[in-house]
Every structure is written in structure tokens, then in C-alpha cells.
Amino acid sequence: MYDCITVVVLEPNLIYRAGLLQVIREAGFPNCCALASAEEVATSLPSDHGPLLFLVDLGSDEDLMTAGVNLLRRTYAKSLIVLVSDAFDDRQLASALRVGADGFLTKLITPEALVKSLEVIMLGQHVFPTRMVNMATEAKWPDMRRALESLSPKEADVLKHLSLGDANKLIARQSGIAEATVKVHVKAILRKLGARNRTEAAIWARNQGMSRHSGELVVEQGLPGARNH
């Protein structure tokens, strides 16, 4: 089942790197390796390597995180990237969304939950902290299509940007509106979705498989959160 993909652990901490690699091997992944940094990958794996799943700890610096993810994406087209953090952090989660990570996990996760998360990600879905996505299954979250229909075209566009982790200033520049107007739209989106903050709204959007297509915000077909290939 797991021989179709190679799991690559990128972790600067030697002890954690060895422990994570052992967990993955014991879970039945025959193809796996552990390296200290993204730079080491290029010398260890050819760019035409088959499907790869990276478990990456790139630290909390957004610039370094972005550079590391972009390097992996640019070098390995057939790859899934899961960011791993010491603890939950809203800013790191927003950065993970912005760089297009397939998942965001903390090192507090159990080995069993880690393996299940990898299985879900291999199916093409996104995995983010339960505390942020469990709202999507609670009764107080509105029906997905009803919520989408309640958004104005501009609100839908702003929500798309939120799902990418964009800041208000960037949204304003790319949408051709004032930053103050963006704030008004964000407040309306949070109210209509029943979200407590923009991060929850972003996770909700990503979990529902929302994407940009032909200038319109659409819901991808298939499982919620799945990506079409």
C-alpha cells in the first residue's frame, strides 16, 4: 500500500529525526529516508524521482519556510509537503496555507495519528490541526453551499485570498480595493461562516476544497478538501 511513495523526513534535530523515521518504517512504509535540511535533498534524490511525501520542519521564520517549500516544489513536481512544528501557532499555520502546504502537524501528535494523517494526505486531502478544522463538522457551521451562496462576489474573492493565507494589504492590492474595505469584507465573511477568526475561515475554505478557476470561486468535485489531479 505504501510502496507507491517515498517519505522524506527533513528535521534538524537528530533525535527527533531518528524517532520519526522509526515510526514511519514500523508503520509499513518501505521507502523512506531522513535528512537534516531541504538543501541535502538535492544531493540525495534525483529531480525525476517518483512521488515524494516530505515531512518538513522549516522553523518559524516565514521567509525560510517559503524558500524551503518553494525549493522542494520547484525541484520535485510529484511531491506532497507536510509542515511539522514544535507547537501550534496561528502565524505558522497561516504561513503553511500561504505556501500551499498539504498539511500542518505538531510534534505533539501520536504515532498512530501521524500515520493516519499521512494516509489521508496520500489520498489528496489536506490535514490541519483538529482544533481548527473540527468546527467544520459541528452544527453551528452552516451548510457549505448555503454559506457560499450567501457571500457576495467580492467576499468570495477575499475568502479565496484568506484560504491562501494572504494579508489584508496583499488582498487589497491584488483585488484593487482599499485595505479598509478588505477588513469590512473579512468581518462579513466571519459572520456568515460562523468563524471566530480569519484562520478558521481559511481552514474552512481549504477543508471544503475551494479553489480558483476561471475567475470564480468553485468547490472541487470529490471528497471535501480533495485536490483534482
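**Figure 1. Glutamate 119 and lysine 116 in helix 5.** Both residues belong to helix 5 and sit three residues apart, about one turn of the helix. Helices (H or I, at least four residues) and strands (E, at least two) are DSSP runs, numbered from the N terminus. Glutamate 119 makes a salt bridge with lysine 116, with 3.7 Å between the closest N and O atoms. The term salt bridge stands for a side-chain nitrogen of Lys or Arg within 4 Å of a carboxyl oxygen of Asp or Glu. With a relative accessible area of 19%, glutamate 119 is buried, whereas lysine 116 is exposed at 52%. Here buried means under 20% relative accessible area, exposed over 50%, and partly exposed in between (1.4 Å probe, protein chains only). The model is predicted: local features need pLDDT of at least 70, side-chain atom pairs count only at pLDDT 80 or more, and totals for chains, interfaces and linings use all residues. Residues are numbered from 1 along each chain as its sequence is written, and side-chain values use heavy atoms, with hydrogens and water left out.

**Figure 2. The salt-bridge network around lysine 107.** Side chains of opposite charge can pair when their charged atoms come close. The structure holds six salt bridges. A network of salt bridges links Glu11, Asp57, Asp86 and Lys107. Lysine 107 pairs with glutamate 11, the closest N and O atoms being 3.1 Å apart. This pair links distant parts of the chain, 96 residues apart: lysine 107 is in the loop between strand 5 (103-106) and helix 5 (111-122), and glutamate 11 is in the loop between strand 1 (6-10) and helix 1 (14-26). Glutamate 11 has 2% relative accessibility and therefore counts as buried. Lysine 107 also forms a salt bridge with aspartate 57, with the closest N and O atoms 2.8 Å apart. Aspartate 57 lies in the loop between strand 3 (52-56) and helix 3 (62-75) and lysine 107 in the loop between strand 5 and helix 5, so this pair ties together parts that are 50 residues apart in sequence. Aspartate 57 counts as buried because its relative accessibility is 15%.

Figure 3. Two strands pair if DSSP finds at least two bridges between them. Strands 1 and 2 run parallel and are joined by four bridges. Valine 7 stands opposite cysteine 32 in strand 2.

**Figure 4. Strand 5 and its surroundings.** Strand 5 pairs with strand 4 (residues 79-85) in the parallel sense over four bridges. Leucine 105 in strand 5 is the bridge partner of valine 84. Strand 4, helix 4 (residues 90-98) and strand 5 form a right-handed β-α-β unit. A crossover is right-handed if, with the strands pointing away from the viewer, the path from the first strand over the helix to the second runs clockwise. Strand 5 is covered on both faces: Gly103 and Leu105 on one side and Phe104 and Thr106 on the other are all buried.

**Figure 5. Glycine 59 in its loop.** Glycine 59 is placed in the loop between strand 3 and helix 3. With a relative accessible area of 32%, glycine 59 is partly exposed. Not counting residues up to four places away in sequence, glycine 59 touches Met65 and Gln92. Contact means heavy atoms within 4.5 Å. Glycine 59 and glutamine 92 are 33 residues apart in sequence, and their C-alpha atoms are 8.8 Å apart in space.

**Figure 6. Glutamine 174 in helix 9.** Glutamine 174 is found in helix 9 (residues 168-175). Leaving aside neighbours within four places in sequence, glutamine 174 is in contact with His161 and Asp166. Histidine 161 is 13 residues from glutamine 174 along the chain, with 9.3 Å between their C-alpha atoms.
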